[in-house]
Amino acid sequence: MASKDHQEMGFLEHLEELRWRLVRSFAVILVGSGLSYGYIDEILSILLYPSTITNSPIVIQSLQVQSMFLIKWFISFASGFIIALPYLIYQFWKFVAPGLKVNEKRFALPFVFFAFTSFIAGVSFGYFVSPLIVRYSLIEAGWQTTILFFIFFLIAGLVVALFVTTPKIPVGT
């Protein structure tokens with residue numbers, strides 16, 4: 001008889017397992033959000049720091065009664081998601097791994113490593129380099145050119161993303 005880990009599961013059992021993994025994941029996100037809401041002022045100052053090196057630092061405006069609460073709530077939810085990310089990845093892996101073959105499982109660690117490294121590189125670039133680019137372009141070229149500059153890089157990023165994520169179909173086989 002097969003062990004519980006290698007036992008065949010039906011469609012409803014898969015749905016039940018997915019449901020409980022999602023419930024646990026959402027609970028961990030809520031706990032992380034609650035923890036980060038306790039430090040929301042420090043998180044806001046960290047997030048707004050790059051704008052302080054520009055000529056016009058960002059000032060958060062509250063135009064409605066609940067807007068500052070919603071801003072803080074959204075940032076704490078995003079922080080809770082980031083805090084819970086290792087657990088979310090673990091839950092995803094525990095759900096997907098039983099359906100993978102041995103040769104497919106060996107690609108998991110390199111994929112996670114390079115995805116994490118790319119994520120950290122992108123966040124670091126956005127946090128440290130983008131304010132310098134904005135300051136330079138505002139001083140040298142004005143705000144119209146800055147807007148065109150960011151539209152150009154947005155379109156270039158979308159084109160690169162399309163080429164990177166599009167599956168390669170072998171021709172002539």
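Which helices each supply at least two residues of the lining of the second largest pocket? The helices are α3 and α5 (108–140). The legends below describe close-up views of a predicted model, in which local features need pLDDT of at least 70, side-chain atom pairs count only at pLDDT 80 or more, and totals for chains, interfaces and linings use all residues. Residues are numbered from 1 along each chain as its sequence is written, and side-chain values use heavy atoms, with hydrogens and water left out.

**Figure 1. Overview of the protein chain.** The protein chain has six helices and zero strands, and its elements run α-α-α-α-α-α from the N terminus on. Helices (H or I, at least four residues) and strands (E, at least two) are DSSP runs, numbered from the N terminus. Of the 173 residues, 16% count as buried. Buried means under 20% relative accessible area, exposed means over 50%, and partly exposed lies in between (1.4 Å probe, protein chains only). The protein chain exposes about 14,000 Å², of which carbon and sulfur atoms supply 75%. Accessible areas come from the Shrake-Rupley method with a 1.4 Å probe, and for residues only the protein chains shown count as cover. Among contacts between residues at least 6 apart in sequence, 73% join residues at least 24 apart; contact means heavy atoms within 4.5 Å.

**Figure 2. The second largest pocket.** About 500 Å³ of space lies in this pocket. It is lined by 17 residues, and the closest to its centre are I89, F111, V112, A115 and F116. Pockets are found on a 1 Å grid over the protein atoms alone: a pocket is an open set of points where a 1.4 Å probe fits, with protein on both sides within 12 Å along at least five of seven lines, and lining residues have an atom within 4 Å of a point. Grid points are joined across faces, edges and corners, and the volume is the space filled by probe spheres set on the points.

Figure 3. E16 forms a salt bridge with R19, with the closest N and O atoms 2.8 Å apart. These two residues are separated by about one helical turn, because they are three residues apart in helix α1. E16 is partly exposed at a relative accessible area of 37%, and R19 is partly exposed at 41%. R21 forms a salt bridge with E17, where the closest N and O atoms are 3.1 Å apart. R21 and E17 are four residues apart in helix α1, so about one helical turn separates them. R21 counts as buried, at 14% relative accessibility.

Figure 4. The closest N and O atoms of the salt bridge between D41 and K72 are 3.3 Å apart. The pair links distant parts of the chain, with D41 in helix α2 and K72 in helix α3, 31 residues apart.

**Figure 5. A nonpolar patch on the surface.** The patch is formed by F11, L12, L15, L18 and L22, which together have about 530 Å² of accessible area. Patches are made of residues with over 30% relative accessible area and no salt bridge; like charges are joined within 9 Å, and nonpolar side chains (Val, Leu, Ile, Met, Phe, Trp, Tyr) within 5 Å. L12 lies in helix α1 (residues 11–37) and counts as exposed, at 63% relative accessibility.

Figure 6. S76 has its place in helix α3 and counts as buried, at 3% relative accessibility. Leaving aside neighbours within four places in sequence, S76 is in contact with S33, S36, Y37 and I40. S76 and G38 are 38 residues apart in sequence, and their C-alpha atoms are 8.8 Å apart in space. S79 is also found in helix α3 and counts as buried, at 13% relative accessibility. Not counting residues up to four places away in sequence, S79 touches S36 and I43.

**Figure 7. The surroundings of P50.** P50 lies in the loop between α2 (40–48) and α3 (67–96). P50 is buried, with a relative accessible area of 10%. Not counting residues up to four places away in sequence, P50 touches Y127 and P131. P50 and F128 are 78 residues apart along the chain, and a distance of 6.9 Å separates their C-alpha atoms.

How values were computed: Salt bridge = Lys/Arg side-chain N within 4 Å of Asp/Glu carboxyl O.
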